[in-house]
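Here is a colleague's note to read alongside the structure. Please keep the 3D view open and find each element as it comes up.

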Amino acid sequence: MKLWAGRFSKEVDKKTNDFNSSIATDSRMYAQDINGSIAHVTMLAAQGIISADDGAAIAAELAKIKEEIADGTIIIDPNAEDIHTFVEQTLTERLGDVGKRLHTGRSRNDQVALDVRLYLRDECDETLKLIKELINSLEKKGEENAHAIMPGYTHLQRAQPITFKAHLSAYVEMLKRDLGRVEDAKRRMNSSPLGSGALAGTTYPIDRAMTASLLGFDSFTKSTLDGVADRDFCVELASALSLVMVHLSRMCEEIILWCSWEFKFVELDDAFSTGSSIMPQKKNPDIAELVRGKSGRVFGDLMTLLTVLKGLPLAYNKDMQEDKDAIFDAFDTVKICLTTLVPMIDTMKVIPENMRKAAAGGFINATDCADFLVSKGLPFRDAYKATGELVALCIKTGKTLETLEISEYKNICELFDEGVYEAINLENCVKRRGM
């Protein structure tokens, strides 16, 4: 029986029921739903709204139901309208009229708003843990290759010498900002909507501060309408997760490039690569490519949430049932990407000799050459022009700045001396920049 069956004289059409049902999505919130109900019934008993005996019986049976769902003793009915209905009906089947007292002073509107916040709070904690694991992996891989010199790029053209550690540290900083964004969104979300009722609160003398405290919230929502209508936190989290995926996608794009024979800076472990059905020589970075591709999925989840919410009048509307598919998918996608990337980075082989060779061949010490002339008193723009002429000479003669004769340097500018070779040494270039 539907919780709202009293108003209706006909059964809902099966197709309508299937369309209306959210059990396939919200059943994953069973633990949070039950925890919220235990807090609610504990408060009802403390306030004298229901008897202490009834409150204790309901709380004990709810805890048992949660345990039985977890261990598989109870199978969630896929035909149930939603997880809230399934749990309440299971309780009522066991406790009869006592179980029917659970929903006193509560609506499914504030119940689902509570469950989503509780569930996403847990998802935030798991995601933060995984981001930290990836940060640790990148820092460890950077330390292992702290002295590996590689070209830094702008416009995907060799620019200036850096270390592999410095390159990875850029992603570490991105991920640290991601930690801050998820933590900030979690903090702002940590306000209990329980007690908002359908939209206008309840006439029962409930204690919203008590339920908020029992459930680990910092506070409770001040506006009951906003308490049930707010899904800003879903948008904020989806936005933060989208940026996580931007950063993972950028990193994977570079790993894909580095794996190619054109670069060959790194080699992925066989466990994180695949082959070709027709080309036996291939070793494809499919995992990195999948992470790069899945970024679009999370961006789509964010757009879904924004579009669902943009025209909704207050307070609750059934459109908001669509929030869970989107935000759950965003978390699921980010977590599986992080879970896969950590061991991929850990097992990735770095090839420093190829990095060093690439760094030596792209005139990436040209700025240091110009700075050498500046140290001799030449204005930077004149030094820049003289160095540009040296690069043109190298290209014409097939030489590098390191292999030019000092006489060739002096032909361009008399201020050059033997000290230029120390100035343009790649190791020295990196050290002077503190890389």
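Predicted model: local features only at pLDDT ≥ 70, side-chain atom pairs only at ≥ 80, totals over all residues.

1. Look at helix α6, residues 108-144, and helix α10, residues 232-259. How closely do their axes approach, and at what angle do they cross? The axes come within 12 Å and cross at roughly 20°. Angles under 35 degrees count as roughly parallel, so α6 is roughly parallel to α10. The crossing of α6 past α10 is left-handed.

2. Next, see which residues meet between these helices. From α6 come Val116, Arg117, Leu120, Cys124, Thr127, Ile131, Leu134 and Leu138. From α10 come Phe233, Cys234, Leu237, Leu241, Val244, Leu248 and Met251. Of the residues in this contact, 13 are nonpolar, one is polar and one is charged.

3. Now move to the strands. Strand β1 covers residues 149-154, and strand β2 covers residues 157-163. The two pair in the antiparallel sense, over six bridges. Pro151 stands opposite Pro161 in β2. The hairpin of β1 and β2 has two residues between the strands. There, His155 takes a positive phi near 55°.

4. Find Arg106, in the loop between α5 (83-95) and α6. Is Arg106 buried or exposed? Its relative accessibility is 9%. Buried means under 20%, so Arg106 counts as buried.

5. What does Arg106 touch, beyond its neighbours within four places in sequence? Its contacts are Gly36, Ser37, His40, Gln111 and Leu194. Also check Ser196, which is 90 residues from Arg106 in sequence. The C-alpha atoms of Arg106 and Ser196 are 7.7 Å apart in space.

6. Finish with Leu338, in helix α12, residues 322-347. Leu338 has a relative accessible area of 0%, so this residue is buried. Leaving out residues up to four places away in sequence, Leu338 touches Thr127, Leu130, Ile131, Leu134 and Leu248. Several names return here: Thr127, Ile131 and Leu134 are among the α6 residues that meet α10, and Leu248 is one of the α10 residues in that contact. Leu338 and Arg250 are 88 residues apart along the chain. Their C-alpha atoms are separated by 14 Å.

Note on methods:
Residues numbered from 1 in each chain as written. Heavy atoms only, no water. Axes fitted to C-alpha atoms, helices over the stretch in contact; angles between N-to-C directions. Helix = DSSP H or I, 4+ residues; strand = E, 2+ residues; numbered from the N terminus. Parallel < 35°, antiparallel > 145°, perpendicular 65-115°, else oblique. Left-handed = near helix turned anticlockwise from the far one by under 90°. Contact = heavy atoms within 4.5 Å. Nonpolar A, V, L, I, M, F, W, Y, C, P; charged D, E, K, R; others polar. Pairing = 2+ DSSP bridges. Buried < 20%, exposed > 50% of the residue type's maximum accessible area, 1.4 Å probe, protein only.
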